[in-house]
Amino acid sequence: IYNGLEVYSVSMLHKFKTCQQYYDYRYNDLLTHEGKSKAMSFGSAMHDGIAEWYKKKDLGIPCAAIAKKGEELGLVQEPSEDSKHSIERGREVMIKYVDFYAARGDVNVTMVEVPFIVEVQMPVGEPFLFAGTIDGVAEQTIEGSNQLYILENKTASRLDSNYIASYRPNDQITAYAWALGKYMKTPLYGAVINIIHVLTKE
């Protein structure tokens, strides 16, 4: 509760929508899983690394961030122990990511890790607060006009048409775009989904 209003995240709303019993277990009874899966831990480490890259543009900093988060979450160091989810694998992916995107100037990431909290008025019932943190804000110039987009970083081991279709539309992206537009008091033109496809082998 903040300023007398209930506060909800997109994860809370999604869980309530899909399974109210799960929502009760997680947010009312405060039950949770023990730790994260390897894939989720690897994704969290990569998320930290990418955020640091756009903040500093110094390759050593995101690589260090990946190692730090990976160690915290129990990832192994070497790919020989886990070909997809090791800390060294994360650093390799980060280096390739920077090599590919550093020279590109079509999208400029202007803000990173953007927190927001906005009030949502309901047609029936009490208003509530919607809060979260967006990975970033990207700016693109088209025909002399600066257009703002939300940036969402994702890691995926499988990248096929079904995965792409999951963002057309996507509750999280739609909600974040609406919230950030309201929070920044400026319209957003869409979203940049930055999908990092992590292969087992090159």
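This report walks through the aromatic ring pairs and the strand pairing of a predicted model.

## Aromatic pairs in the model

Let's start with the rings. A pair of aromatic rings is described by the distance of the centres and the angle of the planes. Searching the whole structure turns up 9 aromatic pairs. In one of them, the ring centres of tyrosine 23 and tyrosine 27 are 5.2 Å apart, and the pair is tilted because the planes meet at 45°, between the limits of 30 degrees for stacked and 60 for edge-to-face.

## A pair within helix H2

Both tyrosine 23 and tyrosine 27 belong to helix H2, which covers residues 20–28. They are 4 residues apart, about one turn of the helix. Their surroundings are worth a look too. Tyrosine 23 has 9% relative accessibility, so it counts as buried, while tyrosine 27 has a relative accessible area of 22% and is partly exposed. The cut-off for buried is under 20%.

## A pair between helices H3 and H5

Now for the rings of tyrosine 54 and tyrosine 97. Their centres lie 6.4 Å apart with the planes at 90°, so this pair is edge-to-face. It links distant parts of the chain, as the two residues are 43 residues apart. Tyrosine 54 sits in helix H3 (residues 38–56), and tyrosine 97 in helix H5 (residues 87–101).

Are these two tyrosines buried or exposed? Tyrosine 54 counts as buried at 18% relative accessibility, and tyrosine 97, at 7%, counts as buried as well.

## Strands that pair with E3

Strand E3 spans residues 128–142 and runs parallel to strand E1 (residues 7–8), with 2 bridges joining them. Here, phenylalanine 130 in E3 has tyrosine 8 opposite. Strand E2 (residues 108–120) is antiparallel to E3, and 11 bridges connect the two.

Threonine 141 has asparagine 146 in E4 as its bridge partner. E3 and E4 form a hairpin with 2 residues between the strands. In that turn, glutamate 143 has a positive phi of about 50°.

Definitions and conventions:
Residues are numbered from 1 along each chain as its sequence is written. This is a predicted model: local features need pLDDT of at least 70, side-chain atom pairs count only at pLDDT 80 or more; totals for chains, interfaces and linings use all residues. Side-chain values use heavy atoms; hydrogens and water are left out. Rings of Phe, Tyr and Trp (its six-membered ring) pair if their centres lie within 6.5 Å; planes under 30 degrees apart count as stacked, over 60 as edge-to-face and the rest as tilted. Buried means under 20% relative accessible area, exposed over 50%, partly exposed in between (1.4 Å probe, protein chains only). Two strands pair if DSSP finds at least two bridges between them.
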